[in-house]
Amino acid sequence: MTATSHALIGTVIASQVTNPYLAVPLALGSHFVADMIPHWDEAIERKEKGMSRVFIESVADWTLGLALSYSLIFFLFPETNVSYAFIIIIVAQLPDWLMAP
């Protein structure tokens with residue numbers, strides 16, 4: 001799953017689950033559930049693309065995910081704490097961050 005998808009899922013979890021003891025495991029579990037759906041990924045064909053292109057696409061994906069997430073918070077979930085949402089977004093993306101190196 002792309003970082004954008006995980007960020008949006010994390011945003012919805014943060015907006016609906018205010019208890020971090022529930023939100024963190026839900027966000028982490030959502031990563032694996034979302035990854036079961038066949039999807040496109042920046043690292044596909046990385047040898048042909050080159051690492052610099054993969055890096056640029058990854059940064060663009062992450063930036064888009066944050067921009068869309070903050071738009072969701074601003075327009076649909078204004079009562080959501082932005083710092084809390086950011087933490088839940090990172091947790092939702094965490095397995096990919098750990099696999100990046």
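Trp62, Leu66, Ser69, Tyr70 and Ile73 of helix α4 meet Val82, Ala85, Phe86, Ile89, Gln93 and Trp97 of helix α5. Contact here means heavy atoms within 4.5 Å. The residues of this contact comprise nine nonpolar, two polar and no charged. Ala, Val, Leu, Ile, Met, Phe, Trp, Tyr, Cys and Pro count as nonpolar, Asp, Glu, Lys and Arg as charged, and the others, including Gly, as polar. Helix α4 spans residues 51-75 and helix α5 residues 82-99; they pack at an angle of about 145°, with axes 11 Å apart. Axes are lines fitted to C-alpha atoms, for helices over the stretch in contact, and angles between N-to-C directions run from 0 to 180 degrees.

The model is predicted: local features need pLDDT of at least 70, side-chain atom pairs count only at pLDDT 80 or more, and totals for chains, interfaces and linings use all residues. Residues are numbered from 1 along each chain as its sequence is written, and side-chain values use heavy atoms, with hydrogens and water left out.

The protein has five helices and zero strands. Helices (H or I, at least four residues) and strands (E, at least two) are DSSP runs, numbered from the N terminus. Of the 101 residues, 36% are buried. Buried means under 20% relative accessible area, exposed over 50%, and partly exposed in between (1.4 Å probe, protein chains only). Among contacts with a separation of 6 or more, 73% join residues 24 or more positions apart.

The largest nonpolar core holds 11 residues: Ile13, Ala14, Val17, Ala23, Ala27, Ile73, Tyr84, Ala85, Ile88, Val91 and Ala92. Such a core is a set of buried Ala, Val, Leu, Ile, Met, Phe, Trp, Tyr and Cys residues joined through side-chain atoms within 4.5 Å. Helices α1 (3-16), α2 (20-35) and α5 each give two or more residues to this core. The largest share, five residues, comes from α5. Beyond its neighbours within four places in sequence, Ala27 contacts Ile13, Ile88, Val91 and Ala92.

Two aromatic pairs are present. Rings of Phe, Tyr and Trp (its six-membered ring) pair if their centres lie within 6.5 Å; planes under 30 degrees apart count as stacked, over 60 as edge-to-face and the rest as tilted. The ring centres of Trp62 and Trp97 lie 6.0 Å apart and their planes stand at 85°, so this pair is edge-to-face. Trp62 lies in α4 and Trp97 in α5, 35 residues apart. Trp62 is partly exposed, at 25% relative accessibility. Trp97 is also partly exposed, with a relative accessible area of 43%. Phe74 and Phe75 form an edge-to-face pair, 4.9 Å centre to centre with 85° between the planes. Both Phe74 and Phe75 are exposed.
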